Amino acid sequence: MKTGKTAGAAIRTSNRYGRRGAMALVMGGVLLLTAACNDDKGSGSGGSGGGNAAASASADGGGAGGSGTSKASAAVIAVEPKDGAQDVQPNGLQVSVSNGKLTTVDVTDKDGKPVTGAITPDGTGWKPAAALTVGMAYKVNAQAKDAEGLVAASTTSFTTLTPDKKISTNDNISDGATYGVGMIVSVEFNKAVKNKDAVVQGITFETSSGTVVKGHWFGDKRVDFRPEQYWAPDTKVTIKYRLKNVEVAPGVYGDVDKDEPFTIGRSQVATADAKSHQMTIERGGQSTTVPVTLGADATPSWGGTMVVMDKEKVTRMNSQTVGLGGEYDIQDVPHAMRLTTSGTFVHGNYWANPFGKSNASHGCISMQDVKGGSDTSVAGKFFNDSIVGDPIKIVNTKEKTVAPDNGLGGWNVDWANW
């Protein structure tokens, strides 16, 4: 950039916007290009990041009379990172001034898109409102005034880092799907997360009902989200992932920036009573009761609230997969809906008839059905009326409450502790 002079004032700025030309980065299917013009001839501080690299203009028109001189501003602008810096952390930008106050700070990426930020109330600092984009070139233009109103200016540039390591993010939501009022969004990562607060801030929820959603960590690789109470029916929800610029662990960054919409459907809440061997189903303001059987005394059902995680018209159930040895191996269990990762299901039963009479299962809730499954059976009707996200509560069981991370058991944690 050339040095500009007038009869009464002069401002000199330094511009070293990139020396290495264009960079290309492919992340998550998105091509990010960084580019800069090659101009290394401007006068200034030689990459000091501002300060008195810029000459200052006299507020009173000093220099009139053709002297060709102007008084320098006492304000010293400092920009971190330094001019021309590479591999800058996405949260590494800050602008400050000594012996003066900032008047203008403009930060733009290589496409000219402005970065949102604000000058501090005392005028001595500026930071971006959010983390910068990784693998992107930026330019910083800043101006400040000293006590006499003399202006100092600085123009610098830098490029943020291109992550070598990323973490994969997966949840249990399908775009545009409809779920029950007990749905809990469970997000899992393939590496341990260290900066948990930053990750939670990068996963936000927009709801048509204004419902507040909070996250709760189970270990270092899983965070579940839910509201304080069951969702209101017909709520429109959008999960907003903004993790690409989040350092989830030292040197490791998120892999996704996307919006993921889903809908809460009608309300259906079921309560299975291990004492009465009945299950009450509250759906759309109407209540029905059906006979069931739950876990026998030797293998009682978990207590507490569980959520339908998955539905299978027919599935195989083998006791060896849940640590019960050779107790059973049923190849064609009809109308199965999973409630826990440890193997609790609601399912049809065609091989026995204890419904409403006794508890005879290995921990599951089962109800009358026929071999191959029938849509008109008790199990078939309940299966067809149910969707993923429907809550089912088990009461009066001899077993303890299901662990909150066993399936979607988070409703068993008080909101104050969530």
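## Basis

The model is predicted; local features need pLDDT of at least 70, side-chain atom pairs count only at pLDDT 80 or more, and totals for chains, interfaces and linings use all residues. Residues are numbered from 1 along each chain as its sequence is written, and side-chain values use heavy atoms, with hydrogens and water left out.

## Largest pocket

The largest pocket holds about 700 Å³ of space. Its lining has 26 residues, and Ala-130, Ala-131, Leu-132, Thr-133 and Asn-245 are the closest to the centre. By class, the lining has twelve nonpolar, eight polar and six charged residues.

A pocket here is an open set of points on a 1 Å grid over the protein atoms alone, where a 1.4 Å probe fits, with protein on both sides within 12 Å along at least five of seven lines; lining residues have an atom within 4 Å of a point. Points are joined across faces, edges and corners, and the volume is the space filled by probe spheres set on them. Ala, Val, Leu, Ile, Met, Phe, Trp, Tyr, Cys and Pro count as nonpolar, Asp, Glu, Lys and Arg as charged, and the others, Gly among them, as polar.

## Aromatic pairs

The whole structure has eight aromatic pairs (ring centres of Phe, Tyr or the six-membered ring of Trp within 6.5 Å; planes under 30 degrees apart are stacked, over 60 edge-to-face, the rest tilted). Phe-205 and Phe-225 are a tilted pair, because their ring centres are 5.1 Å apart and their planes at 45°. Phe-205 is in strand 18 (residues 203–207) and Phe-225 in strand 20 (residues 222–227), so the pair ties together parts 20 residues apart in sequence (strands are DSSP runs of E, at least two residues, numbered from the N terminus). Both Phe-205 and Phe-225 are buried (under 20% relative accessible area, 1.4 Å probe, protein chains only).

With centres 6.1 Å apart and planes at 70°, Phe-218 and Trp-418 form an edge-to-face pair. Phe-218 and Trp-418 are buried as well. One aromatic cluster consists of Tyr-179, Trp-231 and Phe-262.

## Charges over rings

Lys-214 has its charged end over the ring of Trp-415, 4.5 Å from the centre (NZ of Lys or CZ of Arg within 6 Å of the ring centre and within 35 degrees of the ring normal). Arg-226 lies over the face of Trp-418, 4.5 Å from the ring centre.

## Asp-83

Asp-83 is in the loop between strand 6 (76–80) and strand 7 (85–88). Its relative accessibility is 9%, so Asp-83 counts as buried. The Asp-83 side chain reaches the backbone nitrogen of Ser-157 at 2.9 Å.

Notes: Helices (H or I, at least four residues) and strands (E, at least two) are DSSP runs, numbered from the N terminus. Buried means under 20% relative accessible area, exposed over 50%, partly exposed in between (1.4 Å probe, protein chains only). A polar contact is a pair of N or O atoms within 3.5 Å; within protein, one must be able to donate a hydrogen and the other to accept it, and residues adjacent in sequence count only if both atoms are side-chain atoms.
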